[in-house]
There are 2 protein chains.
Amino acid sequence: MPHPDHPASPQTQPNEWLTDSNGELALSIRFKGDRLFQEQSLYQTVEVFDTHSCGKMLTIDSMVMCTEWDEAAYHEMITHVPMLTHPGIKDVLVIGAGDGGTIRELMRHSSVEKVVMVEIDEAVVRASKLFLPTISSAFDDPKLTLLIDDGIKFVSDAADASYDLVIIDSSDPVGPSEGLFTKSFYKDVHRILRPGGVITVQSESPSFNPKAFTELNPCLKSVFGEDQVHCYLVFIPTYPTGLWSLTYCSKDGPHPLKQFDAAKSSAFAKEHGLRYYNEDVHTAAFSLPTYIRNMINQ
Amino acid sequence: MPHPDHPASPQTQPNEWLTDSNGELALSIRFKGDRLFQEQSLYQTVEVFDTHSCGKMLTIDSMVMCTEWDEAAYHEMITHVPMLTHPGIKDVLVIGAGDGGTIRELMRHSSVEKVVMVEIDEAVVRASKLFLPTISSAFDDPKLTLLIDDGIKFVSDAADASYDLVIIDSSDPVGPSEGLFTKSFYKDVHRILRPGGVITVQSESPSFNPKAFTELNPCLKSVFGEDQVHCYLVFIPTYPTGLWSLTYCSKDGPHPLKQFDAAKSSAFAKEHGLRYYNEDVHTAAFSLPTYIRNMINQ
């Protein structure tokens with residue numbers, strides 16, 4: 001592992017590195033040759049790269065959405081934590097998640113009867129279907145209704161108490177995802193949940209997006225209640241700083257640790273050959289380092 | 001958080017970013033103006049930067065050693081996990097750790113009677129004393145004997161059964177740290193431990209240095225025994241990919257979870273105002289994602 005002196009490779013071979021930066025910290029991932037996909041959609045720039053060490057990679061506006069190598073961490077943790085906490089989930093709504101990884105994980109659960117997925121940008125779905133077949137593998141599942149539409153409007157129009165689980169699998173709070181980080185959106189999400197229903201939310205990085213992370217948490221607590229909001233952490237090496245959070249909230253539903261059946265979780269993870277999630281990680285993810293506890297008073 | 005199109009800032013302002021790269025993945029951290037310290041020592045290039053968002057930062061050969069912002073994660077976890085598992089630690093040997101953060105954490109424990117620290121490069125100690133006062137704050141502690149010497153030779157010459165805890169706080173296995181990743185070194189470490197003694201080791205990143213990570217684990221097991229080696233994980237946002245491992249081994253000593261006193265750990269963390277370590281994180285850190293379990297058959 002030779003470490004060149006500065007300037008290092010990212011500076012000397014600018015066209016071979018994708019850089020995801022917040023202006024102070026930046027993760028760069030080296031890719032081979034030309035982009036596989038590049039399109040300026042109505043909302044954003046969608047690209048697919050073939051990286052040297054992480055397989056194919058999907059980006060939106062130069063932000064890494066997923067790579068084949070480590071996408072399991074995000075998709076398994078946002079899906080199986082709620083699915084293996086709440087035993088009676090039948091109707092699921094997914095907002096965003098255009099690459100399809102969350103759908104793939106949901107469809108592993110035979111109890112799920114219907115999934116509605118609302119993705120605003122069809123270019124994301126199309127790019128994933130074309131170049132990320134292991135991630136987009138469940139788009140043809142007959143339980144799925146895929147709508148290319150505005151998730152905020154969809155939630156606003158949806159009937160009360162109609163879902164057991166809502167997953168908000170958004171990109172960062174710039175561009176079209178910005179409205180997914182507001183109280184009015186979460187009030188609608190709460191309204192359309194059945195009693196005891198649960199949600200999981202991509203809740204940003206305490207280290208890379210500390211402002212969004214610290215602002216979303218009280219927003220969720222104001223809607224769901226102080227004791228119904230539980231932040232948990234995931235190692236995602238291809239997201240800048242590698243430290244990312246998800247948040248589980250319930251409408252007076254099960255607690256993600258107290259109502260957790262470790263034996264069932266272990267059996268499920270083994271049966272499906274999961275790559276990141278296991279019964280120990282389910283519990284451990286909710287143990288926050290003290291400085292992160294302090295950021296959100298948890 | 002605007003995300004510029006490629007090429008992003010790291011390429012356009014090459015002199016303002018420190019880049020830590022393995023050739024495929026790279027983390028860049030933006031700094032202000034000139035380096036505060038830059039010296040080519042006998043062994044390596046030692047530098048201190050003033051970063052925009054992470055405080056002062058120490059690097060060796062362009063590899064991030066620590067930043068003021070997140071150094072607590074590494075130093076607290078490598079120190080308090082063994083100290084709060086083994087109740088009778090009096091004599092401690094530290095190899096490397098030139099910045100002083102590990103010494104600072106050790107000195108919080110009143111049970112510690114003597115610490116010998118062997119750092120090969122005095123430039124690291126000097127740079128830290130000059131520019132990282134909150135990290136190097138315990139170098140004057142009367143319990144400390146600081147030796148500028150080769151840790152491998154020191155361990156080879158040390159008497160049998162003379163330490164309760166050995167901390168191997170090395171940089172990556174290139175240059176002077178290479179010999180800290182060998183079986184002959186760990187055989188000596190095992191020999192100089194008292195019965196029941198423990199060690200913690202910087203055991204590299206499963207995502208950034210997978211070869212070193214997967215090779216060190218069986219090396220440690222061959223010396224300490226299969227059931228005496230326990231890998232644990234730490235979020236370190238300023239190390240590339242943010243996912244780092246430490247490993248706890250014992251000479252037939254206490255198990256880091258089974259012999260763990262959570263109440264004592266909680267009280268200690270609160271009393272000392274620790275920033276990362278707490279009783280929940282102590283336990284959770286040993287829960288490995290399945291793909292990491294599989295890398296080391298844990």
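I began with strand 4 (residues 45–50) of chain A and strand 5 (residues 56–60) of chain A, which run antiparallel and are joined by five bridges. Strands here are DSSP runs of E, at least two residues long, and helices are runs of H or I, at least four residues long, numbered from the N terminus. Two strands pair if DSSP finds at least two bridges between them. I looked up F49(A) and found M57(A) as its bridge partner in strand 5 of chain A. The two strands form a hairpin with five residues between them. In that turn, G55(A) has a positive phi of about 70°.

I then stepped back to strand 3 (residues 37–40) of chain A, which runs antiparallel to strand 4 of chain A over four bridges. This hairpin has four residues between its strands. F37(A) is bridged to V48(A) in strand 4 of chain A.

I noted the ground rules. The model is predicted: local features need pLDDT of at least 70, side-chain atom pairs count only at pLDDT 80 or more, and totals for chains, interfaces and linings use all residues. Residues are numbered from 1 along each chain as its sequence is written, while chains are lettered from A and ligands numbered from 1 in the order in which they are written.

I checked confidence next. pLDDT is the predictor's confidence in each residue, from 0 to 100. Chain A averages 93, and 94% of its residues score at least 70. Residues 1–13 of chain A fall below 50. Where pLDDT is low, the predicted coordinates should not be read in detail. For the complex, the predictor gives an ipTM of 0.93 and a pTM of 0.93.

I moved to chain B. An open sheet of seven strands there has the order 9-8-7-10-11-13-12, with mixed pairing. Its edge strands are strand 9 (144–148) and strand 12 (229–235) of chain B. Strand 11 (residues 193–202) and strand 13 (residues 243–250) of chain B pair antiparallel over five bridges. T200(B) stands opposite Y248(B).

I finished with two helices of chain B. Helix 6 and helix 7 (residues 210–224) of chain B pack at about 40°, with axes 9 Å apart. Axes are lines fitted to C-alpha atoms, for helices over the stretch in contact, and angles run from 0 to 180 degrees between N-to-C directions. The two helices are therefore oblique to each other; angles under 35 degrees count as roughly parallel, over 145 as roughly antiparallel, 65 to 115 as roughly perpendicular and the rest as oblique.

How values were computed
Two residues are in contact if their C-beta atoms, placed from the backbone, lie within 7 Å.
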